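Please read the following report with the sequence and the model in view.

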Amino acid sequence: MVLLSLVSYVLVQTLGLVIAFAAAAVLLYMILRRFHSRAATIALCVGFLGISIFFYVPNGLPRGFEYPSFLTSYGPAGSPGLPFSNVIQFFLHFGQFERVADIARDPNDIPPPIERTSTTTVRIDITAKEVIAELAPGVYQNYWTFDGKVPGPFLRVREGDTVVVTFHNDPTSLHHHTIDFHAVIGPGGGAAVLMAEPGETKTLTFKALHAGLFVYHCAEPDAALHMAHGQYGLILVEPKAGLPKVDKELYVMQGEFYTTGTLGKQGLQIFDSQAMLDGRPQYIVFNGRVGALTHNMHANVGQKVRVFFGDGGVNLSSSFHVIGEIFDHVWQEASLTSPPLTDVQTTLVPAGGATVVDFTLLEPGNYTFVDHALARIDRGAWGTLQVVGPADPSIFNGVAQPMAGH
Ligand SMILES: [Cu+2]
């Protein structure tokens, strides 16, 4: 069904226009023939076709085949377009991609805080996998993932630890993949070492020298192209003294998806490289898809909540805000060795960056996480923390009206 919708989309976009122009040309020929000689009619029809092609090729054809192998790139390597042979490969191997029922990483899927007081060797196993999943109801995306979810797994180590990463590129992948850890000091953040062909396994050992919350992402050229398919995650390097205790931790990452179909267009989507270069995503979401965080974030009045928030981009910075809350602490740009800011409403998170915030829940109700460039909530960038417990009228009192998302 999904494949059929894609095929019909391409046919309608590309062949539909050709057929329409051809039919118009035939009609034109029949009309002109009544008034002109054969030679004059043919000359007029050729002129008509020439004008049609002149307008159609730059507008219709690139949209129809959208997979732009033709894009120019001045980047250091690769192109944001994909080789046209990938289209054929994709259809030939369409059956081998795993259909993931829910691409969203559970925001509660975080390893517990580190209790040990000494350094150790931590072993991490990650698999790059290309899958098909829903980006929004009825809208399907070919995701490139770490461990089959977006974002990739939340990794947690302690400052000074030695980290051994074993990276597999699943045999069903069509592309090379790798990982650039922003927590690594060394060429490419390890990307050159971990570069793996489909079916290959690579290993990297690094020392986590700096505490902080770091983004990791695929850096296989073109890196933006891979990140715009969902390949990013966070690695927390806890400071030696640890972080102040909280009652609940949540893992949220913002990301963009560039589809040729406009917002809400059903079926399997073709990636729009030109929109990515232009920085015009159709979807801006938390944890991989529209609606990923609407039902799975719960807490109680009196609890202190920490959010590890990262921005996978690939183009946009995020103005992270929780509606109805004030951040008690913001470790700005996820620097855990600097003192946190206090009493912050909205914090700016750069593409390829992160933040750590905590806040205290004083009133029951729904608290909506947003990118406060608020038009982006219409593209999917929101989630809801549901808080239960006793109300305190001395802090907040009034008759609440029903309000979606609040
Ligand atoms: Cu990749």
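Glutamine 269 sits in the loop between strand 11 (267-268) and helix 6 (273-278). The model is a predicted one. Is glutamine 269 buried or exposed? Glutamine 269 has 25 other C-beta atoms within 10 Å. A residue is buried if 20 or more such atoms lie within that distance, so glutamine 269 counts as buried.

Which residues is glutamine 269 in contact with, leaving aside its neighbours within four places in sequence? They are Val139, Tyr140, Gln141, Thr259, Thr260 and Gly261. For one of these, threonine 259, there is also a C-alpha to C-alpha distance, given in the table below.

Threonine 121 belongs to strand 2 (residues 121-136). Threonine 121 has 10 other C-beta atoms within 10 Å. The limit for an exposed residue is 12 or fewer, so threonine 121 is exposed. When its neighbours within four places in sequence are left aside, threonine 121 is in contact with Thr162 and Val164.

The table lists two pairs of residues with their C-alpha distances.

| Pair | Separation along the chain | C-alpha to C-alpha distance |
|---|---|---|
| Glutamine 269 and threonine 259 | 10 residues | 5.7 Å |
| Threonine 121 and valine 163 | 42 residues | 5.7 Å |

Next comes strand 10. Why is strand 10 (residues 248-257) described as largely enclosed by the rest of the structure? The reason is that 9 of its 10 residues are buried.

Strand 10 pairs with strand 14 (residues 304-311), and the two run parallel, joined by 7 bridges. Within this pairing, tyrosine 251 of strand 10 stands opposite phenylalanine 308 in strand 14. Strand 10 also pairs with strand 12 (residues 283-286), here in the antiparallel sense and over 4 bridges. In that case glycine 255 stands opposite valine 285 in strand 12. In a regular strand, side chains alternate between the two faces of the sheet.

The last part concerns the protein chain. How many helices and strands does the protein chain have? There are 6 helices and 21 strands. The protein chain has 406 residues, of which 42% count as buried. Glutamine 269 is one of the buried residues, whereas threonine 121 is exposed.

Among the contacts in the protein chain with a separation of 6 or more, 74% are between residues 24 or more positions apart.

How values were computed:
Residues numbered from 1 in each chain as written. Predicted model: local features only at pLDDT ≥ 70, side-chain atom pairs only at ≥ 80, totals over all residues. Pairing = 2+ DSSP bridges. Contact = placed C-beta atoms within 7 Å.
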